Amino acid sequence: MTERWLSPALILLSVVAVFSACLLGSTPMPADRVMAALIGGADPSDRLVVWAIRLPRALAAFLVGAALGLSGAALQGLLRNPLAEPGVLGVSATASLAATFVIYYGLVALNPWFLPLAAIAGALIATALLAVAAIRTRSVVTLILIGVGLSSFAGAAMSLLMNLAPNPFSLADMINWMLGSVANRSFDEILLAAPFMVAGGAILLITRRGLSALTLGEEAADGLGLNLRHQRIFTVLGAGLATGASVALAGAIGFVGIVAPHLVRPFVGHDPARSLVPSALLAGLILVVADIGVRLIPTTNELKLGVVAALIGAPVFVWIAMQRRTVHD
Amino acid sequence: MTELVAENLTIAAKDTVLVEDASLKLTPGEFVVLLGPNGAGKTSLLRACLGLARPVSGRAKLDGQDTARLSPIQRARSIAYLPQIRQLAWPNIVRDVVALGRFSHGAALGKLRGADAEAVERAIRSCDLSHLADRQADTLSGGELVRMHCARVFATEAPLLIADEPIAALDPRHQFRILGLIDGYVQRGGGALVVLHDIELAARYASRLIWMRHGKIVADGPPETTLTPERIEAIYGVRARIDGVRVEISGPSHIE
């Protein structure tokens, strides 16, 4: 029964990873001082390093990973494709576009909350478009194609914005942000994104049973008693909320939503519904560990978390694609 | 007693009429076989009976209620459906696939409770899958896969069953075996509506044959009265000789 211990083990590892993230850094801090700082003792500078810098950063990495892992696993179940991901449906791209837009027009200078709100709005617009498409079409292939179109359009619009960027500062900001990072995140920013992640995650978890039924294809799932339309709408909505909130917190971080579910599936009998929780935990763990790596690798400019995630994730993506047998299509 | 009644169903896709004015009835204890050439509208008729496709006119009723208006759960508990295209997106464990038959009863894979677990085990035993129950479905042979899908359908323990070409592409032994399983379900009091292309097997197992051609039901009755060389020629355009339940097809007819 490896399945029974999978989630508890991942929770334990995640706690260890987040704690380690508090220990490690440019100036390593011993475990007893981190513990003291966490429970409110110790000296003020230790508390500042742990509570204002390292802990929020590690928690942001975990939450972003969890939201992306959960969304990826749910979308893969819905679309019955191990390569589906928030990115594939254009949700990340549209969220990035909306965020880039507010940077371009300097709206972020007016109010720092415009950036996360815009990303969430962008994800919700993409989600709403997909929800309408999901009602109108019964075909999953059509839905993916609409996502690809959405993604390409958002990418082109983003390039246009960067071409027109009025000063090098905003261009640098945009690039920074599009590469994805959890550096310098505060609890305030986490608290703004978290409600959307929780709402999206709850929707996905409540409706996950239908993803098992979809294993047999839409015709059979229909016959099993699944309300296909509702399933599509809820999964797209939940994934949209969670992804938008994660883009708001960390920018566009790709591939973790594909890699984590792929690793989890063999342990849960390849059942999409049962893969959701462990995928979220594993994706969170991966990003926390990757972010520790980003901080420890001695480069002149700190590497972006999204870049590291893509460097690891993209080859895995290609490998999964090549493993894929065509018999199921 | 659950009864499925289709009244004057007409189904169209865009401007093409797929099924025209079709009426049929299915009650528990009946083994009804739907016969007809490819494109006769059999699958469309089944889907409309299930309420999965909306007819242009006419209605399909389950105990007097329009199947298109039933909730998916209500419908699924009353009629188990085995579609013609049987996909499997993931290499699931056989027991989990069978357990999907309990979806309409609220079962969640991996943690089956009381009645659900019992129904799944009964279905696995009845389809002789006990030794394969913990295997991954992508390691099964074609015949074993169909048995798994049958077990999934039986696990629902619905009063009615609709199966679309369950024995296509199976060897003769497996064809008998699958039809024997469906026959067992009928003996236990279920009602089955099955699409087949093998006329002889249909005649052997069916209590009633429904003959379709060009979207219309042209005959509906027991094999003894509806199975004639003239009918086979009219429906399929082939010459046939009939001797009891033996049907010998000798080639295409040249009348058309």
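This is a predicted model: local features need pLDDT of at least 70, side-chain atom pairs count only at pLDDT 80 or more; totals for chains, interfaces and linings use all residues.
Leaving aside residues up to four places away in sequence, Met212(B) touches Leu34(B), Leu35(B), Gly36(B), Ala40(B), Gly41(B), Lys42(B), Ile217(B) and Val218(B). Is Met212(B) buried or exposed? Met212(B) has 23 other C-beta atoms within 10 Å, and 20 or more are needed to count as buried, so this residue is buried. Ala22(B) stands 190 residues away from Met212(B) in sequence, yet the two C-alpha atoms are 9.3 Å apart in space.

**The six-stranded sheet of chain B**

Met212(B) belongs to strand 9 of chain B, which covers residues 208-213. That strand is part of an open sheet of six strands, ordered 6-7-8-3-9-10, with mixed pairing. At the edges are strand 6 (79-82) and strand 10 (216-221) of chain B, each of which pairs on one side only. From one strand to the next, the twist averages 15°.

If you follow strand 9 of chain B to its neighbour strand 10, you will find five bridges joining them, and the two run antiparallel. Leu209(B), for instance, stands opposite Gly221(B) in strand 10 of chain B. Helix 6 (residues 172-187) of chain B packs on this sheet and touches strand 3 (31-35), strand 7 (160-164) and strand 8 (191-195). The direction of helix 6 makes about 155° with that of strand 8 of chain B.

**The four-stranded sheet of chain B**

Chain B also has an open sheet of four strands in the order 2-1-4-5, with antiparallel pairing. Which strands stand at its edges? They are strand 2 (16-26) and strand 5 (65-66) of chain B; each has a single partner strand, so one side of each is left without a neighbour in the sheet. Strand 4 (residues 57-62) of chain B is joined to strand 5 by two bridges, and these strands run antiparallel. One pair to look for is Leu62(B) with its bridge partner Gln65(B) in strand 5 of chain B.

Helix 1 (residues 42-50) of chain B lies across strand 1 (4-13), strand 2 and strand 4 of chain B. Its angle to strand 1 of chain B is about 125°.

| Helix of chain B | Residues | Strand of chain B | Angle |
|---|---|---|---|
| Helix 1 | residues 42-50 | strand 1 (4-13) | about 125° |
| Helix 6 | residues 172-187 | strand 8 (191-195) | about 155° |

Now for chain A, whose secondary structure comes to 15 helices and zero strands. Its radius of gyration is 20 Å, which agrees with the value near 20 Å for a compact globule of 329 residues. Along the principal axes, the C-alpha atoms fill a box of roughly 65 × 55 × 35 Å. Of the residues of chain A, 53% count as buried. Among contacts in chain A with a separation of 6 or more, 79% come from residues 24 or more positions apart.

Where the chains meet, 22 residues of chain A are in contact with 24 residues of chain B. On the chain A side, helix 10 (209-213), helix 11 (218-224) and helix 14 (272-296) are the elements that give two or more residues. Helix 11 of chain A supplies the largest share, five residues. By type, the chain A side divides into seven nonpolar, nine polar and six charged residues.

**Confidence**

The model scores ipTM 0.90 and pTM 0.89. Chain B averages a pLDDT of 92, and 99% of its residues score at least 70.

Conventions: Residues are numbered from 1 along each chain as its sequence is written. Chains are lettered from A and ligands numbered from 1 in the order in which they are written. The radius of gyration is taken over C-alpha atoms; the globule rule is 2.2 Å times the number of residues to the power 0.38. A residue is buried if 20 or more other C-beta atoms lie within 10 Å of its own, exposed if 12 or fewer, and partly exposed in between; C-beta atoms are placed from the backbone. Two residues are in contact if their C-beta atoms, placed from the backbone, lie within 7 Å. Ala, Val, Leu, Ile, Met, Phe, Trp, Tyr, Cys and Pro count as nonpolar, Asp, Glu, Lys and Arg as charged, and the others, Gly among them, as polar. pLDDT is the predictor's confidence in each residue, from 0 to 100. Two strands pair if DSSP finds at least two bridges between them. Axes are lines fitted to C-alpha atoms, for helices over the stretch in contact, and angles run from 0 to 180 degrees between N-to-C directions.
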